[in-house]
Amino acid sequence: MESAPMTILQNIGRRRQASFQSWLITARKSPEHKYPVPLQDCLDVLRWCSDQIHQLGGDERQLFVGGDSAGGNLAVASCLKARDDGWKGFSLGARALRGMILVYPCVSRKLVGELGGSYERFSRGFGLSRQTMAWFWEMYLGRAVEASLDAAVERYAAPLDAPGMDWSGLPPALTLFADHDVLYDDGAQLIERLRGAGIPVVSKTVPYPLHGSFSRREDPA
(Lines give C-alpha, C1' and ligand atoms only; values in the text may rest on other atoms or scores of the structure.)
Protein backbone atom coordinates (compact mmCIF):
# COMPACT_ATOMS: atom_id res chain seq x y z
CA MET A 1 0.00 0.00 0.00
CA GLU A 2 3.07 2.17 -0.10
CA SER A 3 6.50 2.04 -1.71
CA ALA A 4 8.72 0.34 0.87
CA PRO A 5 7.12 -3.14 0.82
CA MET A 6 7.34 -3.17 -2.97
CA THR A 7 11.04 -2.24 -2.79
CA ILE A 8 11.62 -5.04 -0.30
CA LEU A 9 9.75 -7.58 -2.42
CA GLN A 10 11.68 -6.53 -5.51
CA ASN A 11 14.95 -7.10 -3.66
CA ILE A 12 13.81 -10.52 -2.44
CA GLY A 13 12.71 -11.42 -5.95
CA ARG A 14 16.06 -10.45 -7.44
CA ARG A 15 18.02 -12.40 -4.84
CA ARG A 16 15.90 -15.54 -5.09
CA GLN A 17 15.11 -15.19 -8.78
CA ALA A 18 11.46 -15.31 -7.82
CA SER A 19 8.59 -13.95 -9.86
CA PHE A 20 5.51 -12.30 -8.43
CA GLN A 21 2.92 -9.71 -9.27
CA SER A 22 2.51 -6.56 -7.21
CA TRP A 23 -0.13 -3.86 -7.12
CA LEU A 24 0.69 -0.47 -5.61
CA ILE A 25 -2.44 1.02 -4.05
CA THR A 26 -2.55 4.79 -3.89
CA ALA A 27 -5.50 5.44 -1.62
CA ARG A 28 -7.07 8.86 -1.41
CA LYS A 29 -5.22 10.81 1.27
CA SER A 30 -6.01 13.21 4.07
CA PRO A 31 -6.60 16.00 4.78
CA GLU A 32 -8.81 16.13 1.70
CA HIS A 33 -10.04 12.58 2.33
CA LYS A 34 -10.14 11.72 6.01
CA TYR A 35 -10.79 8.39 7.68
CA PRO A 36 -12.49 6.08 6.71
CA VAL A 37 -12.04 6.94 3.01
CA PRO A 38 -8.42 5.68 2.66
CA LEU A 39 -9.29 2.45 4.49
CA GLN A 40 -12.30 1.82 2.28
CA ASP A 41 -10.18 2.42 -0.83
CA CYS A 42 -7.70 -0.21 0.32
CA LEU A 43 -10.42 -2.71 1.20
CA ASP A 44 -12.07 -2.25 -2.18
CA VAL A 45 -8.81 -2.84 -4.04
CA LEU A 46 -7.88 -5.81 -1.84
CA ARG A 47 -11.21 -7.47 -2.58
CA TRP A 48 -10.78 -6.71 -6.27
CA CYS A 49 -7.33 -8.31 -6.27
CA SER A 50 -8.71 -11.40 -4.55
CA ASP A 51 -11.50 -11.65 -7.09
CA GLN A 52 -9.39 -10.96 -10.20
CA ILE A 53 -6.10 -12.63 -9.32
CA HIS A 54 -6.73 -15.69 -11.49
CA GLN A 55 -7.47 -13.55 -14.54
CA LEU A 56 -4.23 -11.66 -13.87
CA GLY A 57 -2.19 -14.86 -13.81
CA GLY A 58 -1.75 -14.98 -10.04
CA ASP A 59 -2.50 -17.52 -7.33
CA GLU A 60 -5.30 -16.64 -4.91
CA ARG A 61 -3.54 -18.71 -2.24
CA GLN A 62 -0.49 -16.43 -2.39
CA LEU A 63 -2.04 -12.99 -1.83
CA PHE A 64 -0.17 -10.70 0.56
CA VAL A 65 -0.99 -7.20 1.76
CA GLY A 66 1.64 -4.75 2.94
CA GLY A 67 2.41 -1.16 3.71
CA ASP A 68 4.92 1.14 5.34
CA SER A 69 4.15 3.79 7.95
CA ALA A 70 0.59 4.99 7.27
CA GLY A 71 0.39 2.24 4.65
CA GLY A 72 1.17 -0.25 7.41
CA ASN A 73 -1.76 1.17 9.35
CA LEU A 74 -4.03 0.62 6.36
CA ALA A 75 -2.73 -2.91 5.79
CA VAL A 76 -3.44 -3.94 9.39
CA ALA A 77 -6.79 -2.14 9.47
CA SER A 78 -7.83 -3.74 6.16
CA CYS A 79 -7.17 -7.20 7.57
CA LEU A 80 -9.05 -6.41 10.79
CA LYS A 81 -12.04 -5.00 8.91
CA ALA A 82 -12.09 -7.87 6.42
CA ARG A 83 -12.02 -10.36 9.30
CA ASP A 84 -14.76 -8.53 11.21
CA ASP A 85 -16.88 -8.50 8.03
CA GLY A 86 -16.50 -12.29 7.75
CA TRP A 87 -14.10 -11.97 4.80
CA LYS A 88 -17.03 -10.91 2.62
CA GLY A 89 -15.90 -10.64 -1.00
CA PHE A 90 -12.93 -12.98 -0.54
CA SER A 91 -13.41 -16.34 -2.27
CA LEU A 92 -11.14 -18.19 0.16
CA GLY A 93 -12.68 -16.65 3.26
CA ALA A 94 -10.35 -16.62 6.26
CA ARG A 95 -7.59 -18.11 4.06
CA ALA A 96 -7.83 -15.18 1.64
CA LEU A 97 -4.52 -13.61 2.62
CA ARG A 98 -1.23 -15.47 2.92
CA GLY A 99 0.38 -12.76 5.00
CA MET A 100 0.97 -9.14 5.96
CA ILE A 101 4.19 -7.21 5.25
CA LEU A 102 4.42 -4.36 7.74
CA VAL A 103 7.23 -1.82 7.57
CA TYR A 104 7.42 0.55 10.57
CA PRO A 105 3.61 0.59 10.82
CA CYS A 106 1.81 3.49 12.50
CA VAL A 107 -0.95 1.96 14.64
CA SER A 108 -1.29 4.07 17.81
CA ARG A 109 -2.23 7.68 18.59
CA LYS A 110 -1.71 7.29 22.33
CA LEU A 111 1.98 6.50 21.98
CA VAL A 112 2.54 9.96 20.47
CA GLY A 113 2.08 11.54 23.91
CA GLU A 114 3.87 8.95 26.01
CA LEU A 115 7.10 9.72 27.82
CA GLY A 116 10.12 7.44 27.90
CA GLY A 117 9.44 5.45 24.76
CA SER A 118 10.59 5.78 21.16
CA TYR A 119 8.59 9.00 20.74
CA GLU A 120 10.66 10.50 23.54
CA ARG A 121 14.03 9.11 22.42
CA PHE A 122 13.66 10.15 18.80
CA SER A 123 11.28 13.10 19.11
CA ARG A 124 13.70 15.47 17.35
CA GLY A 125 16.66 15.17 15.05
CA PHE A 126 15.81 11.77 13.59
CA GLY A 127 13.67 12.72 10.62
CA LEU A 128 10.06 11.99 11.55
CA SER A 129 9.23 13.85 14.76
CA ARG A 130 6.61 13.61 17.50
CA GLN A 131 5.17 16.95 16.40
CA THR A 132 4.86 15.82 12.79
CA MET A 133 3.14 12.58 13.80
CA ALA A 134 0.65 14.50 15.93
CA TRP A 135 -0.13 16.65 12.90
CA PHE A 136 -0.51 13.60 10.64
CA TRP A 137 -3.03 12.04 13.04
CA GLU A 138 -4.98 15.31 13.20
CA MET A 139 -5.13 15.50 9.41
CA TYR A 140 -6.28 11.88 9.15
CA LEU A 141 -8.99 12.00 11.81
CA GLY A 142 -9.92 15.68 11.92
CA ARG A 143 -9.21 16.10 15.64
CA ALA A 144 -6.21 16.69 17.87
CA VAL A 145 -4.17 13.68 18.89
CA GLU A 146 -5.17 14.25 22.54
CA ALA A 147 -8.90 14.11 21.73
CA SER A 148 -10.83 10.92 22.41
CA LEU A 149 -12.20 8.79 19.58
CA ASP A 150 -15.40 6.83 19.24
CA ALA A 151 -14.68 3.16 19.81
CA ALA A 152 -15.84 2.25 16.31
CA VAL A 153 -13.38 4.74 14.79
CA GLU A 154 -10.48 3.84 17.07
CA ARG A 155 -10.85 0.14 16.26
CA TYR A 156 -9.61 0.60 12.70
CA ALA A 157 -7.95 4.03 12.76
CA ALA A 158 -5.63 3.31 15.70
CA PRO A 159 -6.12 -0.40 16.40
CA LEU A 160 -3.35 -0.67 19.00
CA ASP A 161 -5.33 1.76 21.20
CA ALA A 162 -8.67 -0.04 20.94
CA PRO A 163 -9.65 -1.63 24.30
CA GLY A 164 -10.21 -5.36 24.10
CA MET A 165 -9.11 -5.64 20.47
CA ASP A 166 -9.22 -9.21 19.22
CA TRP A 167 -6.06 -9.88 17.18
CA SER A 168 -6.86 -13.49 16.35
CA GLY A 169 -7.70 -14.71 12.86
CA LEU A 170 -5.28 -12.40 11.07
CA PRO A 171 -2.73 -13.57 8.50
CA PRO A 172 0.91 -14.20 9.51
CA ALA A 173 3.09 -11.10 9.54
CA LEU A 174 6.54 -10.13 8.32
CA THR A 175 7.58 -6.95 10.13
CA LEU A 176 10.52 -4.65 9.52
CA PHE A 177 11.52 -1.76 11.80
CA ALA A 178 14.09 1.02 11.94
CA ASP A 179 15.47 1.31 15.45
CA HIS A 180 15.93 5.11 15.33
CA ASP A 181 12.30 5.84 14.56
CA VAL A 182 9.50 7.38 16.64
CA LEU A 183 7.27 4.53 15.38
CA TYR A 184 9.51 1.81 16.77
CA ASP A 185 7.24 1.22 19.79
CA ASP A 186 4.19 1.00 17.51
CA GLY A 187 5.76 -1.95 15.76
CA ALA A 188 7.17 -3.59 18.88
CA GLN A 189 3.82 -3.50 20.67
CA LEU A 190 1.96 -4.65 17.58
CA ILE A 191 4.02 -7.83 17.25
CA GLU A 192 3.44 -8.52 20.97
CA ARG A 193 -0.32 -8.35 20.38
CA LEU A 194 -0.13 -10.52 17.26
CA ARG A 195 2.05 -13.16 18.90
CA GLY A 196 -0.17 -13.08 21.98
CA ALA A 197 -3.09 -13.99 19.72
CA GLY A 198 -1.17 -16.87 18.16
CA ILE A 199 -0.36 -15.10 14.89
CA PRO A 200 3.02 -16.18 13.43
CA VAL A 201 5.35 -13.18 13.18
CA VAL A 202 8.80 -12.88 11.63
CA SER A 203 10.39 -9.63 12.79
CA LYS A 204 13.55 -7.80 11.71
CA THR A 205 14.93 -4.64 13.32
CA VAL A 206 17.63 -2.89 11.31
CA PRO A 207 20.07 -0.87 13.44
CA TYR A 208 20.55 2.85 12.87
CA PRO A 209 18.17 3.62 9.95
CA LEU A 210 15.60 6.39 10.31
CA HIS A 211 11.96 6.34 9.34
CA GLY A 212 11.57 6.10 5.58
CA SER A 213 15.00 4.59 5.00
CA PHE A 214 13.86 1.24 3.62
CA SER A 215 12.18 2.67 0.56
CA ARG A 216 15.56 4.15 -0.42
CA ARG A 217 17.80 1.20 0.47
CA GLU A 218 18.92 -1.19 -2.23
CA ASP A 219 18.65 -4.14 0.16
CA PRO A 220 16.67 -3.21 3.28
CA ALA A 221 16.45 -6.79 4.61
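With which residue does arginine 61 form a salt bridge?

Author: The partner of arginine 61 is aspartate 59, and the closest N and O atoms of the two are 3.1 Å apart. A salt bridge here is a side-chain nitrogen of Lys or Arg within 4 Å of a carboxyl oxygen of Asp or Glu. This is a predicted model, in which local features need pLDDT of at least 70 and side-chain atom pairs count only at pLDDT 80 or more, whereas totals for chains, interfaces and linings use all residues. Residues are numbered from 1 along each chain as its sequence is written, and side-chain values use heavy atoms, with hydrogens and water left out.

Arginine 61 counts as exposed because its relative accessible area is 54%. Aspartate 59, at 27%, is partly exposed. The terms are set as follows: buried means under 20% relative accessible area, exposed means over 50%, and partly exposed lies in between, with a 1.4 Å probe and protein chains only. Side chains of opposite charge can pair when their charged atoms come close.

The structure holds 7 salt bridges. One of them joins lysine 81 to aspartate 85, with 2.8 Å between the closest N and O atoms. Lysine 81 has a relative accessible area of 23%, so this residue is partly exposed; aspartate 85, at 32%, is partly exposed as well. Arginine 155 and aspartate 84 also meet in a salt bridge, at 3.0 Å from N to O. This pair links distant parts of the chain, 71 residues apart: arginine 155 lies in helix α6 (residues 151-157) and aspartate 84 in helix α3 (residues 70-84). Helices (H or I, at least four residues) and strands (E, at least two) are DSSP runs, numbered from the N terminus. Arginine 155 is partly exposed at 24%, and aspartate 84 is partly exposed at 31%. Shared partners join Arg47, Lys81 and Asp85 into one network of salt bridges.

Other features complete the picture. Glycine 57 is placed in the loop between α2 and β1 (64-68). With a relative accessible area of 64%, glycine 57 is exposed. Helix α2 (residues 37-52) contains tryptophan 48, which is partly exposed because its relative accessibility is 44%.

The cysteines may be considered next. Cysteine 49 is buried at 4% relative accessible area, and cysteine 106 is buried at 6%. A search of the whole structure finds 0 disulfides, a disulfide being a pair of cysteine sulfur atoms within 2.5 Å.

Strand β2 (residues 99-103) pairs with strand β3 (residues 173-180) in the parallel sense over 4 bridges; two strands pair if DSSP finds at least two bridges between them. Alanine 173 in β3 stands opposite methionine 100. Strand β4 (residues 201-210) runs parallel to β3, and 7 bridges join the two. Among the residues on β4, serine 203 is the bridge partner of threonine 175.
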